[in-house]
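Reader: Could you walk me through this model? I would like to start with the overall picture and then go into the details.
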Amino acid sequence: MGRLKSVFICSNCEFESPKWLGKCPKCGAWNSFTEDVIDTSPEKNAQEIKRGSGVGTDARALPLDEMSQDECIRSLTGLSELDRVLGGGLVRGSVVLLTGEPGIGKSTLLLQISGILSESRRVLYISGEESGGQLKLRAKRLGVDGKELFVLTETNVDKVLREVDRVKPEVVIVDSVQTMYSPLSSSSPGSVTQVREAALSFIAKAKNDNISVILVGHVNKEGSIAGPKLLEHMVDAVLCFEGDHQQAYRIIRAGKNRYGSTNEIGVFEMTDKGLCQVPNPSEVLLAGRPKKVSGNCAVCTLEGTRPIIAEVQALVSPTSFPSPRRTVNGVDYNRMCLITAVLEKRLGLRFSANDIYLNVIGGLHIDEPAADIAIALAMISSITDKIVPDDLVAIGEIGLAGECRAVSSLEQRVREAERLGFSRVVVPYRNIEKRPIECSVKLLPVKSVYEVLMLLADEEKAKETL
Ligand SMILES: Nc1ncnc2c1ncn2[C@@H]1O[C@H](COP(=O)(O)OP(=O)(O)O)[C@@H](O)[C@H]1O
Ligand SMILES: [Mg+2]
Ligand SMILES: [Zn+2]
């Protein structure tokens with residue numbers, strides 16, 4: 001038996017320490033240490049060194065001209081929402097990491113695409129979490145069947161790889177990488193060492209045999225991937241599955257993609273027949289929105305190449321706390337603080353005496369400054385109790401001086417508002433100053449937050465004269 005040593009490893013940078021530490025001295029991460037057992041015997045180290053340095057293959061640099069080009073063969077998963085996020089389908093020989101909270105629907109999604117993919121190619125679905133019986137039950141519920149869909153319930157990486165050699169699939173799904181272990185390593189499954197070893201084995205397999213591999217990765221309480229941080233760097237693409245458990249909508253986005261853009265999102269709805277695609281997210285997000293209440297404002301954000309209209313809701317009410325509460329959902333907290341400060345300073349609105357609750361409907365997360373004006377309008381509407389008209393969409397960024405700044409792809413956003421039957425769009429003056437947009441909706445150009453405020457006041461006046 002080798003020499004086993006118990007150590008603590010930082011999951012962020014893999015710094016090793018003989019005892020548990022609250023803060024990593026190398027990378028500064030908090031609470032990142034997990035216990036691990038490593039083998040310090042000479043044979044094991046020799047093994048590591050051999051693999052690390054690639055002894056046995058000759059490494060030679062070539063001029064770029066002489067390099068042969070990799071062919072990027074993609075297979076469509078059959079779900080266009082997912083294909084778009086992948087950058088046009090699953091690439092042969094690539095490794096995709098799919099992460100998300102437990103119960104969000106990772107296994108469901110993968111079993112569904114296994115079913116579709118297996119119509120034209122061989123798929124091996126490896127489950128370390130569920131029994132064959134459970135999988136069969138789920139497959140029946142989702143209406144998945146197929147002769148070319150192979151299922152393996154095993155967690156030993158060596159046995160799994162042997163089956164991959166025997167079955168010769170084109171697509172391998174590993175659910176999940178945290179359950180896989182290598183008997184060569186003495187750490188427990190799910191530890192930093194084991195997850196890294198397992199991932200490395202599958203990545204090597206994917207590259208050598210030109211197989212598409214999808215690894216499922218669990219996330220921990222903080223929302224980052226359990227196991228080594230390195231995992232994200234090792235794979236070709238990282239897809240995050242997000243959504244509210246209470247709501248049926250699920251959003252998939254790419255955190256990293258070597259074969260495509262990282263801006264795209266795919267929208268799904270969880271039903272008892274599995275995940276259904278939502279090709280028209282704006283319509284879904286706007287369905288059943290409350291009419292004629294203060295504190296609401298529609299916004300058009302750009303997710304990748306796709307404009308999506310969502311609704312921002314704000315509730316501003318007098319505080320009963322020494323320091324007022326700020327609760328946000330779906331918007332960046334700091335962005336909201338910045339907008340609050342600008343409105344307070346430039347317009348004299350007393351947000352500091354009020355609690356603010358901000359929410360984006362439908363579990364969408366907006367991280368674009370182009371939503372600033374809509375957020376501001378929702379908050380102004382709530383504090384002044386003046387209603388933002390239902391047929392109005394607001395687009396634009398707010399600067400610290402209270403100016404409204406130009407946004408990218410304005411025309412595309414305006415077109416989406418037009419398509420969904422909105423009749424007025426608040427736009428930054430700077431955007432259309434030089435390049436006017438021809439459209440059937442009325443554009444309301446604004447230069448500053450003051451004009452945004454006046455817009456709401458004019459609206460009220462117009463209603464009175466009616
Ligand atoms: N019989 C069912 N009918 C409808 N939805 C179900 C059923 N069973 C499970 N689900 C849904 O599937 C989800 C579990 O998905 P799963 O793919 O196992 O998640 P993950 O693999 O990400 O942990 C549950 O949260 C639930 O919403
Ligand atoms: Mg699962
Ligand atoms: Zn560290």
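Reader: Fine. What kind of model is it, and how many helices and strands are there in the protein?

Author: This is a predicted model, and the protein in it has 13 helices and 23 strands. Along the principal axes, the C-alpha atoms fill a box of roughly 85 × 55 × 50 Å, and of the 466 residues 47% count as buried.

Reader: Let's go to the ligand. Which residues surround ligand 1?

Author: The shell around ligand 1 consists of E101, P102, G103, I104, G105, K106, S107, T108, R138, R141, M270 and D272.

Reader: How much of the ligand's accessible area does the protein cover?

Author: On its own, ligand 1 has 580 Å² of accessible area, and the protein covers 64% of that.

Reader: Switching to strands: how many residues of β6 are buried?

Author: In strand β6, residues 95-100, six of the six residues are buried. In a regular strand the side chains alternate between the two faces of the sheet. For β6 both faces are covered, with V95, L97 and T99 buried on one side and V96, L98 and G100 buried on the other.

Reader: Which strands does β6 pair with, and is the sense parallel or antiparallel?

Author: β6 pairs with β10 in the parallel sense over six bridges, and V95 stands opposite V213 of β10. Strand β11, residues 237-243, also runs parallel to β6, and five bridges join the two. Within β11, the bridge partner of T99 is C240.

Reader: What about C300, and how many disulfides are counted?

Author: C300 is in no disulfide either, as the nearest cysteine sulfur, that of C297, is 12 Å away. C300 counts as buried, at 1% relative accessibility. For the model, the count comes to zero disulfides.

Reader: Back to sheets for a moment. What is the strand order in the open sheet of three strands?

Author: The order is β2-β1-β3, with antiparallel pairing. The edge strands, each pairing on one side only, are β2 (16-17) and β3 (33-39). Strand β1, residues 4-10, is joined to β3 by seven bridges in the antiparallel sense, and C10 stands opposite F33 of β3.

Reader: Last topic, the backbone geometry. Where is there a cis peptide bond?

Author: As background, most residues other than glycine have a negative phi, and most peptide bonds are trans. A cis peptide bond joins D175 and S176, with omega at about 5 degrees. S176 is found in the loop between β9 (171-175) and α6 (192-209).

Reader: And which residues other than glycine have a positive phi?

Author: N210 is one of them, with phi near 55 degrees, and K292 is another, with a positive phi of about 55 degrees. N210 has its place in the loop between α6 and β10 (212-218), whereas K292 lies in the loop between α8 (281-286) and β15 (296-303).

Reader: Are those two residues buried or exposed?

Author: N210 is partly exposed, with a relative accessible area of 34%, while K292 is exposed, at 63%.

Conventions: Residues are numbered from 1 along each chain as its sequence is written. Chains are lettered from A and ligands numbered from 1 in the order in which they are written. This is a predicted model: local features need pLDDT of at least 70, side-chain atom pairs count only at pLDDT 80 or more; totals for chains, interfaces and linings use all residues. Side-chain values use heavy atoms; hydrogens and water are left out. A residue is near a molecule or strand if one of its heavy atoms lies within 4 Å of it. Accessible areas come from the Shrake-Rupley method with a 1.4 Å probe; for residues, only the protein chains shown count as cover. A disulfide is a pair of cysteine sulfur atoms within 2.5 Å. Buried means under 20% relative accessible area, exposed over 50%, partly exposed in between (1.4 Å probe, protein chains only). Helices (H or I, at least four residues) and strands (E, at least two) are DSSP runs, numbered from the N terminus. Two strands pair if DSSP finds at least two bridges between them.
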